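Hi,

Here is the structure I promised to pass on. Could you have a look at its aromatic rings when you get a moment?

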Amino acid sequence: MPEPHCRMAERKEMNMSKMIIKNGALVSSSKVCQKDIYIENGKIKAIGEPGDFLDEEKNAEEIYDAKGNYVLPGLIEPHMHIKAPLGGIVDILDFDSASVCAAYGGVTTFMDFSSTLPGDSLKAAVKTRREEMQISKLDYSLHCKVVNLADAQDIAGAMAAEAAFAKDKNERTMAAVKEANERVNSQVKARLEEIPDIVKNGKIPTFKLFMTYRKANVMIDDVSMLKVMAAVRDAGGRCGFHAESNAIAEYNEELFEKEGKLDWSYFAEYKGNLCEAEAVRRVLYYAQLLKAPVYFFHLSTREAIEAVKEARKKGVDVIAETCCHYLAFTKEKNEGKDGILYLMSPPLRTKDDQEALWQAVKNDDIKIVSSDNCTFPRAMKEAPLTDNKPDFRKPISGVSGLEERFGVLMRAVNEGKIGIQDLVRVACENPAIYFGCGNRKGFLKDGYDADIVIVDRMKRVTLNRESLHYPEQLEYALYEDFEVTGYPVTTIRRGEYLVKDGVYNENASLGLFIERELV
């Protein structure tokens with residue numbers, strides 16, 4: 001029976017075959033070794049020396065010879081956005097098409113986010129997103145997104161009532177203040193009371209809070225942030241943050257408009273390094289105050305890394321992530337007509353920041369490399385522009401990466417920036433450990449789910465449109481100049497082929513919801 005902190009939700013499955021993967025070089029964060037794997041009923045039954053399973057071969061329905069190839073745990077993608085309404089725009093992938101891209105990129109498990117607006121029931125938003133993810137071929141989970149805990153109109157009403165009372169103190173205005181605040185406070189209380197149930201019964205222990213995008217109605221205020229951090233801590237979960245200072249961003253937006261600095265090339269300056277660093281340090285101080293565990297999505301600056309390292313020395317429980325685009329590109333990509341394609345938040349940074357990120361990945365100061373996938377065609381990005389005139393305030397931010405993530409990391413292995421064991425650590429093992437499924441996924445071990453990627457060490461791939469599997473309307477490839485040696489040819493999820501020797505299995509069974517618990 002599965003261990004309690006990572007159970008699989010019940011669903012009728014295809015019968016899994018007995019399979020042997022032999023002659024492969026198994027990779028973990030600690031070593032590379034020649035081993036054979038015996039799989040039964042979707043689980044790794046045993047791992048042995050080459051030739052150990054000669055008797056089992058007689059009854060095996062599938063024998064895969066991985067001679068000369070790496071055998072990795074299936075990658076886990078903990079940070080992506082699929083069918084996510086952002087400013088009224090929805091990206092082009094759904095969870096079926098995302099499964100295709102992910103599987104070709106060696107991913108066997110992915111995690112998305114609920115879509116929540118101020119005052120919405122957190123449980124209802126989680127339920128809706130979980131239902132949307134049921135078409136996935138990959139195993140899946142999600143993080144609960146938390147914005148302001150009360151409806152924006154009710155918050156505005158309470159502020160108006162307080163202003164009226166300050167101007168004219170009487171019984172009528174006092175009663176109006178009391179009524180308005182009770183309405184807001186009841187919503188806040190209801191949302192906070194949902195958190196323990198989401199963690200303990202919903203088996204979703206991770207939450208995401210946005211510190212910016214006030215105008216888009218997704219930013220959480222600091223008082224609510226503290227309340228949520230405390231509630232999540234008490235429930236046994238962890239809050240994650242999109243850490244950018246909204247105050248700095250909005251101030252600069254007004255300033256840059258006055259100065260006529262709205263071209264794509266100014267985007268990184270508009271939300272400069274201190275915009276991220278201020279927000280990161282604020283969260284770390286709050287975490288220290290509350291003794292609450294925290295996670296940072298998509299860190300991009302040297303300053304943020306230093307803040308995280310300092311906080312760890314003070315005993316703060318903090319996990320940091322970066323994304324493949326920050327490791328691959330610098331802010332020069334925002335210059336010229338194609339600069340619009342490289343808009344993401346936080347922005348691309350300098351070569352110095354990029355070098356700091358790579359060093360942090362190598363040193364395990366950054367625990368996870370994700371994709372933050374959010375796939376928009378050029379036409380979608382350009383649609384809000386007036387006369388096609390550059391204005392970084394208008395396009396939707398976001399880039400692809402769900403399929404390319406392995407290639408970006410493997411290219412770094414080719415270049416000697418990291419080793420193949422580091423790739424497994426930041427893309428397989430650590431996502432499993434820190435997101436509560438490390439007893440079932442992320443490792444090649446007896447009893448674990450048979451989530452396996454076969455990597456042809458000699459296969460050369462260029463990450464262009466021809467080699468990737470996004471829908472046709474994505475008319476460009478960000479990493480089109482990236483050549484990689486060593487690439488997934490076969491992806492197995494719970495003992496079933498998602499991709500076999502480069503061919504996607506359209507008939508693969510659906511993925512299962514992962515019930516997670518942090519340990």
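Let me start with Y38 and F53: both are buried, meaning under 20% relative accessible area with a 1.4 Å probe and protein chains only, where over 50% is exposed and in between is partly exposed. Please keep in mind that this is a predicted model, where local features need pLDDT of at least 70, side-chain atom pairs count only at pLDDT 80 or more, and totals for chains, interfaces and linings use all residues. Residues are numbered from 1 along each chain as its sequence is written, and side-chain values use heavy atoms, with hydrogens and water left out.

The whole structure holds 21 aromatic pairs, counting rings of Phe, Tyr and Trp (its six-membered ring) with centres within 6.5 Å; planes under 30 degrees apart are stacked, over 60 edge-to-face and the rest tilted. Y38 and F53 make a tilted pair, 5.9 Å centre to centre with 35° between the planes.

In F329 and F482 the ring centres are 5.7 Å apart and the planes stand at 65°, so this pair is edge-to-face. Both F329 and F482 are buried.

F482 has another neighbour: R411 lies over its face, 3.9 Å from the ring centre. Likewise, R457 has its charged end over the ring of Y70, at 4.4 Å from the centre. (A charge sits over a ring if NZ of Lys or CZ of Arg is within 6 Å of the ring centre and within 35 degrees of the ring normal.)

Finally, one aromatic cluster is formed by F113, Y295, F297 and F435.

Best wishes
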